[in-house]
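Please open the model in your viewer and keep the selection panel at hand; the stops below say what to select and what is there.

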Amino acid sequence: MISRRILMMTAGAFAFTPSLALAQDAPAPFDNPGDVTVALVRYLSTGDFFQSYLAGVEAQAAALGVNLRVFDSRQDAALQADMVDQAIALGVDGIIIQHGLTESMQDAAQRAVDAGIKVVAFDVNVENAAVPQIEQSDRDLARLALEQAITDNGEAFMAGYVYVPGIAPLDRRDETWREFKARYEGINEVSQFGTLDNPIANSVANQARAVFSANPGIEVVFAPYNEFAKGVMIAAQEAGVADNINIYSADISTADIAMMREPNSPWAATAATNPAVVGEVSVRALALLLAGEDPGEQVVVPPTLITRDMLNDGNITNMEELGEKIPAFLHADVALADWIALPSR
Amino acid sequence: MSVQTRLIDLAIRFGFLLLMAGLLVFFSISAPGFLSPHSAVFVFQSVAITGILALGVTATLVVGGFDLSIGAVATSALMLSAYVMVVWELSAGVAIALCLLMGAGVGLVNGLLIVKARVPDLLATLGMMFLLIGLQRIPTEGRSISTGMTLPDGTVARGTFSELFLMLGRHRIDFFIERLIPLSVIFLLVVALLVWVFLEFTRHGRLMYAIGSNAQAAQLAGVKVERYKIAAYMISGTLASFGGVLLAARLGRGDVASGTNLLLDAVAAALIGFAVLGAGKPNAFGTAIGALFVGVLLQGMTMMNAPYYTQDFIKGAVLVVALVFTFAFTARGSRGA
């Protein structure tokens, strides 16, 4: 009898072994993840992209078993800096800075680093060697979309371009657009427009309508932000030129998928990184840093090209299905380690 | 009346319309494609939504009030209509009815806050604006609404915008040219006409002007000031929610948006309207012209590839000139008379 009890106990202990082993294998401080607190300090939070990013951060933090504190400054640069100080005062172990202005975040990030806190920054350059940059590569986003535009339309076409200067990701996408214009002399940009007046799609639609009537020959519109692309598509349909125009954009959401899949949709392709994956990578990069490993100065999350045909062929209707059908979209092989559990799908 | 004062009088009355005619000529010459029926219709379409909002705010301006919540009401109606159709899978009729009720309800609360709770109008409607911007995001946890979206409880929304609803923003009526005039433009014209007739030619409208110029005197003359003020906010709220419905029909989805730009554009149109025909007071005709004026400017400038910040600059300049027309010249004219 006794031997049987011992056997059972052994079996029980054995059953627990994998998780125990995992926790023991994890380097400090993740051998005791419940004691680790990380803070997410946000500058931008409104909209699908940022909502999805937060979901990714939450999922990866939960998979690691660490505590997450979210600070949301709602586009108030000064408040965001205060929030970093607040997080320092709370004694968090790591901070993720999500967007913001270099001017206001540079000093705040330095204060956190000085306090011995590990910091990573997503889409804001805090000009600090100790702070790895998480990036969705905007240049790659633009390049993928534009290469598709060249494949679909040839090397010479009349183009419209939607751009608002002064927004860091749009500025980086703009660099790639200018490179392409220099490389392919046949690209004739007849109009540049754009606005961030919200609702953005509505305001851009108003502008695009005017552009289409002024330039009836436009074949390609490069609208490297999904709200821009929506606006251009609405205008193209209203102006009755949807059949003659192809729109190439960046970013994607469930609503965008529906628009791209409308019959005769002019929205040909978009290049996107999954914001949830970017959120997960942000947490993993911070975890590596906390464990004393080096995630690298720049952690780039590679984008995926998504075309109208891919969506139609796979009968994809929302972001979840996009992840299932196009695995590259669901996971990025960056900032990985054996001891980091990935969020369950 | 001397020749000089008569000239000033003419300038005040027709200056703005002349300026607009001048703009039209200028753009026709310098922007190819500007002078076409499609382009003209488009100017109307681009201002249809802000124009309807502006007519609502005009009603509150007439009673000496102000409604800062119209932009938020419009975007709340945008989200509500999408929610009703996409998540609850109800019909277009229900969606429109609920939106209009919501708008009227918000107007009623605004009116009660101002009249009964004696909160100053700017503050009451400012509070309402923030409240609505937050409220409209609570059901979806801040996400935009579209078919196929995953709801907070993990289920997938399968409803769609009905064709009937989308028609409100997209259908175009044959008018000499096939499929020329969008329904939203017809709505703008009808609403403008109704508000104009109501304010200028009905007893109620004149009483509202009387309240606006001197509420106490109107009260002493036996006007039910409180009721008219509440009514003005309800008109404003209802028209704003109607604008939101048209916006939803155009976008075909429930976009998260604060509506601040809608508010600012609508207020600008209403204020420019003060200067039209030298009215010197809020009026429906002026508001409609004001909205069109801004629409013509933006359309023409976009066709000439002017960047967005110059457009904001010009919009602001027009507003300042209009306000000077209204307050400096009109006031001087009345003093002189």
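**Stop one: the sheet of chain A**

Begin by selecting Ile134(A), which stands opposite Val299(A) in E11(A). Before going further, note that this is a predicted model, in which local features need pLDDT of at least 70 and side-chain atom pairs count only at pLDDT 80 or more, while totals for chains, interfaces and linings use all residues. Residues are numbered from 1 along each chain as its sequence is written, and chains are lettered from A and ligands numbered from 1 in the order in which they are written. Helices (H or I, at least four residues) and strands (E, at least two) are DSSP runs, numbered from the N terminus.

Now select strand E5 (residues 133-136) of chain A together with E11(A): the two pair in the parallel sense over 4 bridges, where pairing requires that DSSP finds at least two bridges between the strands.

Is E3(A) enclosed or open? Because 5 of its 5 residues are buried, E3(A) is largely enclosed by the rest of the structure; a residue is buried if 20 or more other C-beta atoms, placed from the backbone, lie within 10 Å of its own. Gly94(A), Ile96(A) and Gln98(A) are buried on one side of E3(A), as are Ile95(A) and Ile97(A) on the other. E1(A) runs parallel to E3(A) and is joined to it by 5 bridges, with Val41(A) having Ile97(A) as its bridge partner. E3(A) also pairs with E4(A) in the parallel sense over 5 bridges, and here the bridge partner of Ile95(A) is Val119(A).

**Stop three: where the chains meet**

Display both chains: the contact takes 32 residues from chain A and 34 residues from chain B, two residues being in contact if their C-beta atoms, placed from the backbone, lie within 7 Å. On the side of chain A that touches chain B, H7(A) gives the most, with 10 residues.

Then select Ser39(B), found in helix H2 (residues 37-62) of chain B. Ser39(B) counts as buried because it has 21 C-beta neighbours inside 10 Å. Leaving aside neighbours within four places in sequence, Ser39(B) is in contact with Ser213(A), Gly33(B) and Phe34(B).

**Stop four: a helix pair in chain B**

Finally, select helix H3 (residues 70-87) and helix H11 (residues 260-275) of chain B, whose axes come within 7 Å and cross at roughly 130°. H3(B) and H11(B) are therefore oblique to each other, since angles under 35 degrees count as roughly parallel, over 145 as roughly antiparallel, 65 to 115 as roughly perpendicular and the rest as oblique. To see the contact, pick Ile70(B), Gly71(B) and Ala74(B) of H3(B) and Thr260(B), Leu262(B), Leu263(B) and Ala266(B) of H11(B).

Key. Axes are lines fitted to C-alpha atoms, for helices over the stretch in contact, and angles run from 0 to 180 degrees between N-to-C directions. A residue is buried if 20 or more other C-beta atoms lie within 10 Å of its own, exposed if 12 or fewer, and partly exposed in between; C-beta atoms are placed from the backbone.
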